[in-house]
Amino acid sequence: MSIRLLSSEVIDQIAAGEVVERPSHMVKELVENSLDAGCTEIEVEFDQGGRRVRVTDNGNGIATEQLTLALARHATSKISEADDLWKLGTYGFRGEALATVAAVSRLMLTSRTLDAKTASQIKNEFGTNSQLETVGGNPGTTVLIEELFANVPARLKFLKSESAESSQIKNTLKALALARPDVEFRIRSGGKLLSVWPRANSHLERAEQILETELFSATYTFNGFEVQASFASPHNVAGQARQIWIFVQGRWVQDRGLQAAVIDAYRGLLMHGEYPIASIQVKCPPEEVDVNIHPAKSAVRFRDNQTAFRAVHRCLREGLEKAPWIENQTGVHAPSKAYDSTLELSPSEPQALSFQAPELDRTQYQKRELTSAHYDVLKTAAKAAPTYLDSSTERRPETTFVRNLEQIPATRATSFWSQLQVLGQAHLTYILAENNSTLYLIDQHAAHERIAYERLMSAWKTGLIERQDLLLPLTVTLEPEAVEAIGAQAVALAKVGIELEPIGHEAIAIRSMPVGISEKAVVSSLKELAREIIEKGGGFALERKISDLCATMACHSVVRAGQALSVEQMQTLLEQMDEFPLSSFCPHGRPVSVEYPYQKLERDFGRIV
């Protein structure tokens with residue numbers, strides 16, 4: 001078979017297949033050209049699932065003598081030499097969009113520069129240009145595309161339904177508008193105005209316009225990376241990851257690493273099947289990112305993926321830890337003196353709080369739990385929260401999860417929970433409390449679990465978690481790569497009570513474990529940790545596994561459903577919830593409380609209409 005040059009027609013159709021795989025890709029290219037032209041207003045009209053599209057802007061326009069050149073392949077005003085590819089400040093730069101779209105459609109390009117008195121127009125039918133014409137028109141550019149893919153039946157038959165393609169176009173336009181709050185967008189379809197997004201003063205304001213929900217903002221700078229996040233509270237979630245919008249250098253990109261950073265920032269706040277709602281803007285020095293790795297410019301490559309991951313993760317996590325949604329809750333009032341708590345838990349005078357219930361008396365509890373030799377471990381929990389045995393109850397000395405946990409200072413995040421009026425306990429499981437406007441049902445186990453978890457995580461970070469030495473080391477067989485990955489984290493793992501060392505190339509020996517955690521849990525966690533380190537890198541994979549271990553310890557060490565609490569104990573629990581900003585969720589992402597506004601109750605009882 002002889003080698004020959006391809007015809008220009010075939011070359012154009014190949015390029016069109018790369019750049020304009022779907023109508024939404026074409027819309028993206030055209031709108032980005034308008035943004036690069038310095039416009040402040042864009043109107044996009046589409047029909048037939050994107051086979052007919054009109055994009056109009058009020059940008060700088062194209063000079064008459066350059067209209068023909070604008071439809072030529074690899075003709076661009078964005079770059080002039082190879083080095084420009086590494087310091088791009090524009091969206092488009094390859095000079096392919098108009099040429100490739102024209103090769104597979106009927107295209108009409110109309111443009112007028114700011115200093116011109118009239119507009120000029122050129123038509124192109126499937127790659128063939130017409131003569132230039134002088135027409136009327138406002139400053140700016142209008143591109144009309146009709147009969148997309150009419151000359152490429154193979155491409156046409158692979159398009160999805162009209163509604164599916166239209167939905168993808170709307171999604172693309174949302175992303176473009178999220179990236180540029182300084183530009184007004186108007187979207188039309190079928191002769192109807194679908195959306196108007198006026199110019200916004202900030203990314204947060206634009207994100208609330210488009211995502212149509214209350215959002216909060218956070219900023220963070222790390223090693224040259226600047227991150228701005230607009231995010232919803234963990235109470236407000238999506239059923240899929242499509243509501244995570246990521247932008248790098250102003251470009252909407254699909255990046256699994258940064259998406260994982262967003263999801264991991266919500267660790268312990270969402271249940272399985274729940275995903276965050278967030279818009280993340282990342283800026284970095286041009287030399288740190290390559291945007292020229294995908295024909296549709298939908299992906300980027302960072303020189304240092306870990307730095308980008310950490311910048312996004314820390315920005316969002318710090319924003320979440322401030323729990324800004326709590327500030328919006330009103331009607332808080334201080335509890336009456338009859339319910340003031342005097343149970344300050346201090347290292348010098350540990351209080352002995354009794355959680356006695358008829359169905360959980362001491363004898364029954366011993367029969368069920370002492371067989372595992374963890375009865376006192378689970379009941380004392382080293383004052384991680386107010387679950388202590390009664391002072392008259394015998395306990396085994398020095399058997400705790402954590403030693404001197406109260407030495408870890410807790411920062412009071414808010415005074416919301418402690419200011420609620422405790423009313424009582426429902427079903428020996430839920431604390432009933434109120435403020436001026438709302439009745440709250442608080443899951444005592446979930447609330448206490450979050451408190452214990454946060455303190456255990458603090459204990460890990462400060463090296464205070466208690467460990468138990470094994471009489472005989474526990475040998476775990478692993479792949480050589482996993483042994484190396486785990487061995488590299490030995491120092492960090494020792495802080496959580498897991499002391500280990502490699503045995504040859506295919507096994508490790510565990511010499512100690514955290515008190516109260518089963519061998520099976522430790523082994524499975526280490527295997528999963530090794531897998532994540534190999535796939536994603538060390539730091540965050542380790543913290544995730546430590547988080548899982550601390551969640552397990554917390555779950556086993558706190559007050560349970562079915563335990564009776566006194567009013568003072570319930571009030572103390574609410575006070576300790578205020579020490580941690582994420583107390584609205586248990587470590588597994590379950591909500592801690594359910595709210596019933598009194599206005600709703602009064603309406604249900606017919607007291608108001």
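**View 1. Helix α6 and the lining of the largest pocket.** In this predicted model, α6 (162-179) gives the most to the lining of the largest pocket, with 8 residues. Helices (H or I, at least four residues) and strands (E, at least two) are DSSP runs, numbered from the N terminus. A pocket is an open set of points on a 1 Å grid over the protein atoms alone where a 1.4 Å probe fits, with protein on both sides within 12 Å along at least five of seven lines; lining residues have an atom within 4 Å of a point. At least two lining residues each also come from α2 (23-36), β9 (192-197), α7 (203-211), β12 (244-248) and α8 (256-265). Residues are numbered from 1 along each chain as its sequence is written. Local features need pLDDT of at least 70, side-chain atom pairs count only at pLDDT 80 or more, and totals for chains, interfaces and linings use all residues, while side-chain values use heavy atoms, with hydrogens and water left out.

**View 2. The four-strand sheet.** The open sheet has 4 strands in the order β17-β18-β19-β23, with antiparallel pairing; two strands pair if DSSP finds at least two bridges between them. β17 (421-426) and β23 (593-597) are the edge strands, each pairing on one side only. Between β18 (430-434) and β19 (438-443) there are 5 bridges, and Tyr430 stands opposite Asp443 in β19.

**View 3. Helices on the sheet.** Helix α12 (444-462) lies across β17, β18 and β19, at about 70 degrees to β19. Helix α17 (567-577) touches β17, β18 and β19, and its direction makes about 115 degrees with that of β17. Contact means heavy atoms within 4.5 Å; axes are lines fitted to C-alpha atoms, for helices over the stretch in contact, and angles run from 0 to 180 degrees between N-to-C directions.
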